[in-house]
Amino acid sequence: MGSLFRSEEMALCQLFLQSEAAYACVSELGELGLVQFRDLNPDVNAFQRKFVNEVRRCDEMERKLRYLEKEIKKDGIPMLDTGESPEAPQPREMIDLEATFEKLENELREVNQNAEALKRNFLELTELKHILRKTQVFFDEQEGGVNQTTESMTRALITDEARTAGASMGPVQLGFVAGVILRERLPAFERMLWRACRGNVFLRQAMIETPLEDPTNGDQVHKSVFIIFFQGDQLKTRVKKICEGFRATLYPCPEAPADRREMAMGVMTRIEDLNTVLGQTQDHRHRVLVAAAKNLKNWFVKVRKIKAIYHTLNLFNLDVTQKCLIAECWVPLLDIETIQLALRRGTERSGSSVPPILNRMQTFENPPTYNRTNKFTKAFQALIDAYGVASYREMNPAPYTIITFPFLFAVMFGDLGHGAIMALFGLWMIRKEKGLAAQKTDNEIWNIFFGGRYIIFLMGVFSMYTGLIYNDIFSKSLNIFGSHWHLSYNKSTVMENKFLQLSPKGDYEGAPYPFGMDPIWQVAGANKIIFHNAYKMKISIIFGVIHMIFGVVMSWHNHTYFRNRISLLYEFIPQLIFLLLLFFYMVLLMFIKWIKFAATNKKPYNEACAPSILITFIDMVLFNTPKPHPEKCETYMFFGQHTIQVLFVLVAVGCIPVMLLAKPLLIMQARKQANEEVQPIAGATSDAEAGGMSNGGPHGGAGGHEEEEELSEIFIHQSIHTIEYVLGSVSHTASYLRLWALSLAHAQLAEVLWTMVLSIGLKQEGPVGGIVLTCVFAFWAILTVGILVLMEGLSAFLHTLRLHWVEFQSKFYKGQGYAFQPFSFDAIIENGAAAAEE
């Protein structure tokens, strides 16, 4: 059986590589992506391995590349991405790459340091310019006639003793300091000045209108200019300490107007010179980054490949002569020749004359699970692996899920219009997949949609099919073949009577509608829901029982493939009989009722005599005899029904102790015989003790060599498994009723949107009606896509996922394996790029 239905056959191989050829051979295997290496040095510290220095060099080169990438993104320079993956460089090329990265980093850091120093000087000169301009206004006010303000300010800053002493010494001179402070710190700064200096200072401030650039981080900050007047050296010291505490920058400001004007002219000249130098520095930095952006993606790929190769070589062992590297790896059997060709190419590239050796090894370890997928099956396999990776060579549910998953989804989401919207969205992603795949994004929701594009497309197509079966398109019906009902009602009765119902006795032709539902049910307001409920409820149970039986049959393939005779005879057969005699029999009763009873038939086969399937099943399980029908109807559907039902229940109940006790008792008997004969019988023991599924088997290349499980644990495990299956058969059957419930809810929501939204716009007439209809249609379309397609689609998707994981896969799928993770450059580069973006 091919790998689509089971995982690939794997082999544990030993690989011998000459030291000179090891790098090139591992590089070829990384490009191939079909070999999973094992760590042969699990007890050796990572810092004590042979190639740790090379790994450190690669880490350093990657750090430098990340620094370059950050600077390139800061300037908004696009990075060239050709989509090609260069080969891993030879070890001697590492020196050239290191020199190139070192040169670029040093040059860029030097340019950044110079630019930061220039920006800091530019900021200081700009602040000084604003100080000279703003303080000139303050001094002009003092000299231009605002003497009263100045005198009052002076009187406020001078004590009575100083004023008396100063009367004989002449006018008092006030000192001042000027600077710049962040605007948000100004209120607290002013309060601190007032409290610390006890009101003996005078503060004037003015905002700088244009924001200034912080040279350290490039942020735009808002600042204000201030000037503080005070008297005495003690206050001067206190004021400067407060300015230092609030990180205000103080600048020298001359007292004479001529000196201030001269300083301002010098500042303007220096600012112009700095602008010129800054422009040249930025141009040089931009040229360096543009040149680096052209090769940055390829550099990342090369460095990550080199690092991955040396990290893999650290998993190898050195032989005694130090001239050969020994590795162990899992490889798919079908690809051994391809791997050997890759090893030969690597040997030829390295110039070595000693060919590599690849030997198969015998092992009792469980091999990894490798399911070969393509872009179509990858998403369905991901749904299965999310539940648990299959055990080695276990039946893979993914191929069957390709059909059953979208079909069960469509049973709940059956609407031709909504399915068409979903199918067109999936088809658009499929047609544009190359361009969309190249546009990498951090949006997780979009990545999920794009990854499941084929699932979305199939769910939409199947929903269109079930929508045709239900004859439902946006809650309306299609009259393709003409109705097979003849009604005697007139148009007004049909349009106005909300309690109109269809009567099969006189209105039905007797010939069924060719495909799907008859459109006449759309106007049957009274019994439409009753009819759809009965129909959808029964087909939900039918599909559910068939789905579960198929799951049990899948377990037969596992038992026969692994030659597990005990599980085949005493698990599979009782489970299948239990399911068939109870629940499949209930499905047969539904078909018998549909065929035998009709509204147009006469007694005892008309609708008044039709028995309830649920009541019949309950009476069957409880061994109840149905009471005679008051209208002289037949008690049973067919001759001998009671006897057959009693026999079915007895056989089904008899299967329970077989499932519960047969397997543990046989294991106990086999162990007893083995102890009596001293030497255990390998065949009988291994067959009997295979509690679930041996991970080796006839084709696996590895056998399950495990310790014997205690008998008490075997009995407990088998008891849990039996109880879970018996009770689960009932609950799982009822669980499939979600197909009916969600289908009904979806149809009713669509009808509510049509009745309460779109029909309002359709009733409007004239030019105003066109405008109203346009607005109402837009609102209806938004609600349809948002609620019925997205939200209802997600709900149906999750319910379908649960039906496959719990109701279907629990019958045969253990999911206790571990995934095959080959050494692949593509996966390493993709994971490295994703980690870098995070």
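Me: Why is Arg345 called partly exposed?
Reply: Its relative accessible area is 38%. Buried means under 20%, exposed means over 50%, and partly exposed is what lies in between (1.4 Å probe, protein chains only). Arg345 at 38% falls in that middle band, so partly exposed is the label. Bear in mind that this is a predicted model: local features need pLDDT of at least 70, side-chain atom pairs count only at pLDDT 80 or more, and totals for chains, interfaces and linings use all residues. Residues are numbered from 1 along each chain as its sequence is written, and side-chain values use heavy atoms, with hydrogens and water left out.

Me: What makes Glu28 count as buried?
Reply: Glu28 has 11% relative accessibility. That is under the buried limit, so Glu28 counts as buried.

Me: How do you know that Arg345 and Glu28 meet in a salt bridge?
Reply: A salt bridge is a side-chain nitrogen of Lys or Arg within 4 Å of a carboxyl oxygen of Asp or Glu. For Arg345 and Glu28 the N to O distance is 3.4 Å, so the pair qualifies. Helices here are DSSP runs of H or I with at least four residues, strands are runs of E with at least two, and both are numbered from the N terminus.

Me: What makes Glu71 and Arg285 a salt bridge?
Reply: Their closest N and O atoms are 2.2 Å apart, which is within the limit, so they pass. Glu71 belongs to helix 2 (residues 52-74) and Arg285 to helix 8 (residues 257-293), 214 residues apart. Both Glu71 and Arg285 are buried.

Me: Why does the pair Glu9 and Arg393 count as a salt bridge?
Reply: The closest N and O atoms of Glu9 and Arg393 are 3.9 Å apart, still within the limit, so the name holds. Glu9 lies in the segment before strand 1 (10-18), and Arg393 in the loop between helix 11 and helix 12, 384 residues apart. Glu9 is partly exposed at 26%, while Arg393 is buried at 4%. A search of the whole structure finds 30 salt bridges.

Me: Why is helix 11 called roughly perpendicular to helix 12?
Reply: The axes of helix 11 (residues 377-387) and helix 12 (residues 398-412) come within 9 Å and cross at roughly 95 degrees. Angles from 65 to 115 degrees count as roughly perpendicular, under 35 as roughly parallel, over 145 as roughly antiparallel and the rest as oblique. So helix 11 is roughly perpendicular to helix 12. Contact means heavy atoms within 4.5 Å, and the residues making it include Phe380 and Leu383 of helix 11 and Ile402 and Phe405 of helix 12.

Notes. Axes fitted to C-alpha atoms, helices over the stretch in contact; angles between N-to-C directions.
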